Amino acid sequence: MSTNREARAWLLLGADALLENFARLRAAAGPDARVLPMVKADAYGLGMSEVVRILRSERPWGWGVATLAEGLRLRDEEAIDEAVVVFSPLVERELESALRADLQISVSSLDALAEIVAASRRVGAPAKVHVDVDTGMGRTGFDWQSSLEWMPRVIEAAREEIEWVGCFTHLHSAEDDDRSVREQWARLQEALSGLADAPAAPLIHALNSAGAFAAPEYAGYVIRPGIFLYGGAVGAGHPIPEPVVSLYARVCHVREVTAGTTLGYGATYRASGPERWATLSIGYGDGLPRVLGNRGCALLQGRRVPIIGRISMDLTVVDISDLSGVRVGDVATFLGTEGQEKITLDEIAELAGTISYEILTGFTPRLPRIWA
Ligand SMILES: *Cc1c(COP(=O)(O)O)cnc(C)c1O
């Protein structure tokens, strides 16, 4: 475990693990697949700048984000010159900035296509577009079943008004249902059956992290992995990623209490006898899920110690009655390995009733991100 002299709590992030997970995805997808790492939401909370800096050595085809601001950040602050694809629909007033920054954008409707064509004219260059096809996710995209209504107009626009770069769909259940992946892929192919008339063959892409392992035969052009890169598991039967993220907090107070002593907001915990408690400098204000109060645990001296009472914004208390010699300044592990014990991202997520993605993106700016 690495220690950090000043920090009260911090995230320790592993560059080698990130690279290893990238290599495993690329190996699964095959030598021809290009990789578009998804770095939206500040690279799932890890920090977009560092993630991009580290993965750039692997020469990905491009980078995936969700919003205009994220795309602009890649261009302006990170000086990225590879493809940057913004996946969520943009509103009309965002289009010009996106095009001027040479961001590739998705399109989900003919109205949006008309706006994109108009913005391309104003900017004086054809927008680079990925056509989003809805094959069951239901959030965005042209309906796969009605491609006869939209495909001809997209093909027409692609002749001179836009540059048709790609066509994609998003999988809804690749973690636990391989059959659904095949069904969504078949729907995409059906929607694209009129493509023969297209002026150029767009890149077809569908696979997220889970999809890259569940159905690598569909990886052909581009895969769009996110969570596996950052150490989140992608379902039973698939490879386990190398853990990328560890979370540590320091002991800031230790006390012996007598039976009946209450703890935390709501006094939801009461010592049942003489106990020893350690207060840790971390709380939900750092992104430690409050729901882990009276449920979760941390590691101290290589042993699991239960979180007792409610987690507050800045502080969390663990019962260290079974340990001796815990001192202020010692470091507890909330996520990661200590001695023979470990707490995984997916274990915390499950205990908190959520998914690894929400745990990672929930870590707040108060936690320093330290890369090793
Ligand atoms: C976030 C996202 C992904 C990555 O999904 P993971 O499950 O994190 O691998 C892929 N494609 C799109 C369009 C996304 O928004």
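This is a predicted model: local features need pLDDT of at least 70, side-chain atom pairs count only at pLDDT 80 or more; totals for chains, interfaces and linings use all residues.
A residue counts as buried when its relative accessible area is under 20%, as exposed when that area is over 50%, and as partly exposed in between.

Which residue does Asp286 form a salt bridge with? The partner is Arg366, and the closest N and O atoms of the two are 3.0 Å apart. This pair links distant parts of the chain, 80 residues apart. Arg366 belongs to the loop between helix H11 (356-362) and strand E20 (369-371), while Asp286 belongs to the loop between strand E14 (275-280) and strand E15 (297-300). Arg366 itself has a relative accessibility of 37%, so it counts as partly exposed.

Across the whole structure, a search finds 23 salt bridges. Another one of them brings together the side chains of Glu242 and Arg24, at 2.9 Å from N to O. Because Glu242 sits in the loop between strand E10 (222-223) and strand E11 (245-257) and Arg24 in helix H1 (residues 15-29), the pair ties together parts that are 218 residues apart in sequence. Glu242 is partly exposed at 32%, and Arg24 is partly exposed at 23%.

Now look at Arg75 and Asp102, whose side chains also meet in a salt bridge, at 4.0 Å from N to O. Arg75 lies in helix H4 (residues 68-76) and Asp102 in the loop between helix H5 (92-100) and strand E5 (104-107), so this pair ties together parts 27 residues apart in sequence. Is Arg75 buried or exposed? Its relative accessibility is 15%, so Arg75 counts as buried, whereas Asp102, at 35%, counts as partly exposed.

Finally, let's visit the ligand, which sits in the largest pocket. The residues around the ligand include Met38, Tyr44, Phe87, His170, Asn208 and Tyr357. Lys40 places a polar side-chain atom 2.6 Å from an oxygen atom of the ligand. Gly226 has a backbone N or O atom 2.9 Å from an oxygen atom of the ligand, and for Ile227 a backbone N or O atom lies 2.8 Å from a ligand oxygen atom. How much of the ligand's accessible area does the protein cover? On its own the ligand has 390 Å² of accessible area, and the protein covers 91% of that.

How values were computed:
Residues are numbered from 1 along each chain as its sequence is written. Side-chain values use heavy atoms; hydrogens and water are left out. Helices (H or I, at least four residues) and strands (E, at least two) are DSSP runs, numbered from the N terminus. Buried means under 20% relative accessible area, exposed over 50%, partly exposed in between (1.4 Å probe, protein chains only). A residue is near a molecule or strand if one of its heavy atoms lies within 4 Å of it. A polar contact is a pair of N or O atoms within 3.5 Å; within protein, one must be able to donate a hydrogen and the other to accept it, and residues adjacent in sequence count only if both atoms are side-chain atoms. Accessible areas come from the Shrake-Rupley method with a 1.4 Å probe; for residues, only the protein chains shown count as cover. On a 1 Å grid over the protein atoms alone, a cavity is a set of points where a 1.4 Å probe fits but cannot get out, and a pocket is an open set with protein on both sides within 12 Å along at least five of seven lines; lining residues have an atom within 4 Å of a point. A molecule sits in a cavity or pocket if more than half of its atoms lie within 2 Å of its grid points.
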